[in-house]
Amino acid sequence: MARIRWDIVCKPKVKGRAGVQILKLKIKLYWLNGVGHLQMKKRRYGERPLWDREKERCKILADRLIGTILISDNEDRLCWSNDKLGVFLVKKCSELLILEDESDINFDCSKVWNIKVPPRVRSFLWMLAIDRISTKDFLAKRGVNLQHLSIVCPWCEKVPECVPHLFFKCRFIERFWANIFSWWDTKWKRVDGVVDFFALCYNAKIKVSKKRLWLISCAAACWTIWIARNGLVFEGRRVKMENLVFQTKIRALLWIRSAHNELMIQEKFWWFAPQRCRVVSHKLNSTVSFWRPPLYGWLKFNVCGVAKEDKAGCGGILRDLEGMARGIFSGAVGTNVAEEAEIETVKIVLKVFESTS
Ligand SMILES: [Zn+2]
């Protein structure tokens, strides 16, 4: 089942589309001695007889030309009626297509395409923006038999699962967003849908120098929701709120590391107050401590155990030489003393390492 019409893919990003160039517009078809020729720019790459519909168009053209007196001194050439000089321009043609298109959404998708996240996540965000995510509601409306699947939202099991509810309006997800926004020391506000949501993200009070990191975090949160939703719908895996938030943080950090190789981020602030993170370029000579890769042939486990009042938790990440995450974990520990939480965390790490080696 095609989820997106081809013409939507081919419209410009500023009009909420994917901005794929329409290649066929760059191909010239002309007729010489009853044989059709296909030409791309100046290089001729093939010949074939005309199709019936092309013959039909040639006949219409011939009918229009009958009675026209040719000026023998002027050489024949192709003229495009939309240009004063008769010259065909792809740019001009694209502009005309934009003017013709009345079905645009009120959202500039170039913003989404510019976020530095993995390409499949960018495509996912775009599909989210134009409401093409295959939620149960989306599939049911297109006649897909969901068989044993219930159509309701997997978080609350009350409302039909559609994009605005699943990603933004469900009470469980609203709590998740409140967590993500408060992690960045900014305020979550109820939104009606995707356009509203992106406006909230772009206008959030985040320091200019951190804005791109913030947007990556928002993208990571959306992607984490979708991954968790799929795990719950298809495998019955329910993710706790703290794990959902942790997965978002770790995902965003890994994407930032991979997209902004030149930046170093203070990890100790990243987990709790990213607005306070010092972000510096490798080029600057700084004494601030950052994560360093392990020696060749080694793996590095960074762990943390925290206790606050009557709650304690831990988390850790195992990374290789390139900084790639090989394993992550997080959860509660049965103590409310910070030092004990740290020790419990190290014990968990040793068990994780034992089970992987
Ligand atoms: Zn719900």
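Which strands make up the open sheet of three strands, and in what order?

A: Happy to! This is a predicted model, in which local features need pLDDT of at least 70 and side-chain atom pairs count only at pLDDT 80 or more, while totals for chains, interfaces and linings use all residues. Residues are numbered from 1 along each chain as its sequence is written.

The open sheet has the strand order 6-7-8, with antiparallel pairing. Helices (H or I, at least four residues) and strands (E, at least two) are DSSP runs, numbered from the N terminus. Two strands pair if DSSP finds at least two bridges between them. Strand 6 and strand 8 are the edge strands, each pairing on one side only. From one strand to the next, the twist averages 5°; axes here are lines fitted to C-alpha atoms, for helices over the stretch in contact, and angles run from 0 to 180 degrees between N-to-C directions.

Let's start with strand 6 (residues 300–308) and strand 7 (residues 311–319). They run antiparallel and are joined by nine bridges. Lys300 has Arg319 as its bridge partner in strand 7. Further along, Val306 is partnered with Gly313, and Ala307 stands opposite Ala312. The hairpin of these strands has two residues between them, and Glu309 takes a positive phi near 50° there.

Now for the other side of strand 7. Strand 7 and strand 8 (residues 325–332) pair in the antiparallel sense over seven bridges. Among these partners, Gly316 goes with Phe329 of strand 8. In this hairpin, five residues lie between the strands, and Gly323 takes a positive phi near 85°. In a regular strand, side chains alternate between the two faces of the sheet.

Helix 11 lies across strand 7 and strand 8, running at about 150° to strand 8; contact means that the C-beta atoms of two residues, placed from the backbone, lie within 7 Å. The 19 residues of helix 11 should span 27 Å at 1.5 Å a residue, and its end C-alpha atoms are 27 Å apart, so the two agree. That expected span is 1.5 Å times one less than the number of residues. The buried residues of helix 11 include Leu244, Phe246, Lys249, Arg251 and Trp255. Buried means that 20 or more other C-beta atoms lie within 10 Å of a residue's own; exposed means 12 or fewer, and partly exposed is in between, with C-beta atoms placed from the backbone.
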